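My notebook is open and the model is on screen. I'm jotting down each thing I look up, one entry at a time.

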Amino acid sequence: MSGQPVESLDAAMRLAIEQSNLVKGHTYPNPPVGAVILDAGGQVVGVGGTEPAGGDHAEVLALRRAGSLAAGGTAVVTLEPCNHYGKTPPCVDALLAAGVATVVYAVTDPNEIAAGGAARLAAAGVTVQPGVLADDVAGGPLREWLHKQRTGSPHVTWKYASSLDGRSAAADGTSQWISSEASRHDLHRRRAAADAIIVGTGTVLTDDPALTARLPDGSLADKQPLRVVVGTREIPPEAKVLNDDSRTMVIRTRDPMEVLKALSDRTDILLEGGPTLASAFLREGAIDRILTYVAPILVGGPVTAVDDVGVPTIARALRWRFDGADRIGPDLLLSLVPQSG
């Protein structure tokens, strides 16, 4: 991407968002930040994404690739540059040493320890411009990390596939495959970026899923999420979820809050259990986002995507709002967040 001109700061930020998405899932406990360096003429001369913990932050990597061309140029970053010593020195130091004239970022760092980078840059005479494509970043690659910073709890996404009439399986229990191959590839990409996947013992006993992240050719992705099985029933030792493809945690509880407490060191969690587990998390208000792959088929029958969620009348329905919709092959992928969120 180096040497290519960009038409606007928005375009440069989109490149930074791409870098952020590429490293998502590989930077814990650091946020998946992306950075782009423009030279004085506005051409891309360096890009980078945060490396695994202990490695370089996005700005440092992009500056190294830009070299002397960064002087007098612009740094475009998805998150306000950090201003503290952790496992690496402050990114502000690297930006000042490189002689950049302008720093543009999307989201202000909510972490009190790392914050203050913008003020320090401005005090040193660097032009600082915050808020560029802030919604795209906050609702995109930094969604889960920002939630963890704000609440102290992991971000939980309930993922499920359903027919147009809200069925997760046919009357005989068969559910492979409601969604399309394209949707399954998209799911595996999201699994590879997640810290953990939760299912109930019922799903393990019924479907025997491996719960791994796989590439389109069927091979295992480099990064695998922690597999978490919750419930009080025993699962057989030969269950695929207990194989050596990834680590597995079995939590003997039906309480969603106990599950989240056990996973409090995680940031991005996928809930992939069946209707019983989903309803338990919904009743506790423990789901922060819904991702549903809606297939253009009608199934009918009794197997719905979720069980009783404690709604006695329509006036007390759990209200959600759409924050995204995409076509994934023949399917529709809907993203929803709580209406009060």
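**Entry 1: valine 47.** I looked up valine 47 and found it in strand E2, residues 44-49. Helices (H or I, at least four residues) and strands (E, at least two) are DSSP runs, numbered from the N terminus. This is a predicted model, where local features need pLDDT of at least 70 and side-chain atom pairs count only at pLDDT 80 or more, while totals for chains, interfaces and linings use all residues. Residues are numbered from 1 along each chain as its sequence is written, and side-chain values use heavy atoms, with hydrogens and water left out.

Is valine 47 buried or exposed? Its relative accessible area is 12%, so I wrote down buried. For that word I use these cut-offs: buried is under 20% relative accessible area, exposed is over 50%, and partly exposed is in between (1.4 Å probe, protein chains only). I also checked valine 47 against alanine 62: they are 15 residues apart along the chain, and their C-alpha atoms are separated by 4.4 Å.

**Entry 2: leucine 38.** Leucine 38 sits in strand E1, residues 34-38. I have this leucine down as buried, because its relative accessible area is 5%. Then I picked threonine 157, which is 119 residues from leucine 38 along the chain, and got 35 Å between the two C-alpha atoms.

Entry 3: Which residue does UniProt list for "active site"? The record, an unreviewed entry, gives Glu59. I noted that UniProt positions are given in the numbering used here, that feature names are shortened, and that annotations may be inferred rather than shown by experiment.

I found glutamate 59 in helix H2, residues 58-66. Its relative accessibility is 4%, so glutamate 59 counts as buried. Contact means heavy atoms within 4.5 Å. Leaving out neighbours within four places in sequence, I listed the contacts of glutamate 59 as Ala35, Val77, Leu79, Pro81, Cys82 and Cys91.

**Entry 4: the UniProt binding site.** UniProt (unreviewed entry) places "binding site" at Ala161, Trp177, Asp207, Thr232, Gly274, Pro275, Thr276, Leu277, Ala278, Ser279 and Ala280. They span 120 residues in sequence and the farthest two C-alpha atoms are 27.9 Å apart, so they do not all gather at one spot.

I looked at two of these residues. Alanine 161 is in strand E6, residues 155-162. Beyond its neighbours within four places in sequence, alanine 161 touches Arg167, Ser168, Ile178, Ser179 and Tyr293. Glycine 274 is in the loop between E10 and helix H10 (275-283). I marked glycine 274 as partly exposed, because its relative accessible area is 24%.

**Entry 5: domains.** The protein is divided into domain 1 (9-145) and domain 2 (153-338), with bounds that come from an automatic or database domain assignment. The contact takes seven residues from domain 1 and 12 residues from domain 2. Taken over C-alpha atoms, the domain centres are 33 Å apart.

**Entry 6: the second largest pocket.** I needed the rules before going on. On a 1 Å grid over the protein atoms alone, a cavity is a set of points where a 1.4 Å probe fits but cannot get out, and a pocket is an open set with protein on both sides within 12 Å along at least five of seven lines; lining residues have an atom within 4 Å of a point. Grid points are joined across faces, edges and corners, and a volume is the space filled by probe spheres set on the points.

The second largest pocket has a volume of about 910 Å³. Its lining has 38 residues, and Asn21, Lys24, Arg189, Arg190 and Ala193 lie nearest its centre. Where does this pocket lie? Domain 1 and domain 2 both give residues to the lining, so the pocket lies between them. H7 gives the most to this lining, with seven residues.

**Entry 7: the cavity.** How many cavities of 30 Å³ or more does the structure hold? I noted one. The largest cavity has a volume of about 150 Å³. Its lining counts 16 residues, with Gly25, Thr27, Pro32, Asp195 and Thr267 nearest its centre.

**Entry 8: a backbone detail.** The peptide bond from tyrosine 28 to proline 29 is cis, with omega near 5°. I found proline 29 in the loop between H1 and E1.
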